[in-house]
Amino acid sequence: MIFDLFGTLVPNLARPEHEAVLGEMARILGAPPGPFIRGWMATGPLRMVGQIRSPEDNAAAVCRDLGLTPSPQSLAGAGRIRRSYTERSLQPRPDAAETLQGIGATGRRIGLLTDCSSEVPARWTAFPLAPMIDAAVFSCVEGACKPAPRLYELACNRLGVASDTCVYVGDGGSRELTGAAAVGMRPVLLVETDPHAHQLETEAWTGERVAALPEVLALLDER
Ligand SMILES: [Mg+2]
């Protein structure tokens with residue numbers, strides 16, 4: 001079974017808090033908050049495929065586009081704020097550990113497939129759920145984002161499972177469920193209920209769904 005990260009094993013970033021963090025970074029960098037936040041969002045695709053490799057480089061690139069050249073100290077300060085935010089964001093949902101333990105107890109292997117920037121793999125070993133996850137695939141390491149088929153195939157290969165025996169669980173960002181279906185997986189939507197959730201390219205999914213993570217255990221009994 002393969003899980004998405006944000007909006008699935010951990011909550012989605014909440015847009016108001018995310019923008020407050022970016023606003024604080026802008027303040028340290030001496031950048032106007034609105035244009036900085038827009039510039040940061042616009043560089044998302046470069047972060048996710050690893051073309052921008054650190055929050056400091058990302059902040060410098062956004063500032064450059066705004067005609068600004070922040071000091072190394074300002075960039076380091078902005079980077080610290082960003083890393084601290086990522087650290088806070090990687091708090092598992094309360095029912096995530098019991099769900100993964102339940103799946104592990106059935107003998108199934110567990111994978112992770114996430115579109116993310118470099119701070120996430122950098123912190124992976126400190127993530128409380130990491131010991132329960134047999135293989136993790138990060139977009140920024142592989143140079144591609146969901147729904148690229150090779151990411152799903154890579155996750156299955158690392159787990160040693162065939163894609164047509166593999167369940168994929170995600171909140172539907174980045175067209176991930178369509179991507180999972182395209183490689184023969186059984187996609188399951190975890191319904192997002194937070195109105196402030198910061199989801200990217202969410203798809204309208206009419207297939208299988210669960211309202212909470214532990215419900216995926218019942219799905220395993222069906223087949
Ligand atoms: Mg997600």
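I began with helix α5, where the face turned away from the buried side carries the exposed residues Pro72, Gln73, Ser84 and Arg88. I count a residue as exposed if 12 or fewer other C-beta atoms, placed from the backbone, lie within 10 Å of its own, as buried if there are 20 or more, and as partly exposed in between.

A note before going on: this is a predicted model, where local features need pLDDT of at least 70, side-chain atom pairs count only at pLDDT 80 or more, and totals for chains, interfaces and linings use all residues. Residues are numbered from 1 along each chain as its sequence is written.

Next I looked up the buried residues of α5, and found Ser74, Leu75, Ala78, Gly79, Arg82, Tyr85 and Ser89. They cover an arc of only 135° around the axis, which puts them on the same side of α5; the arc is that of the directions from the helix axis to the C-beta atoms.

What covers the buried residues of α5? I found that the cover includes α1 (15-29), α4 (55-65) and α7 (119-122).

Then I stepped back to the whole chain, which has 11 helices and six strands. Here helices (H or I, at least four residues) and strands (E, at least two) are DSSP runs, numbered from the N terminus.

I also noted that 40% of the 223 residues of the chain count as buried. Along its principal axes, the C-alpha trace of the chain spans about 55 × 35 × 30 Å.

Note on methods: Contact = placed C-beta atoms within 7 Å.
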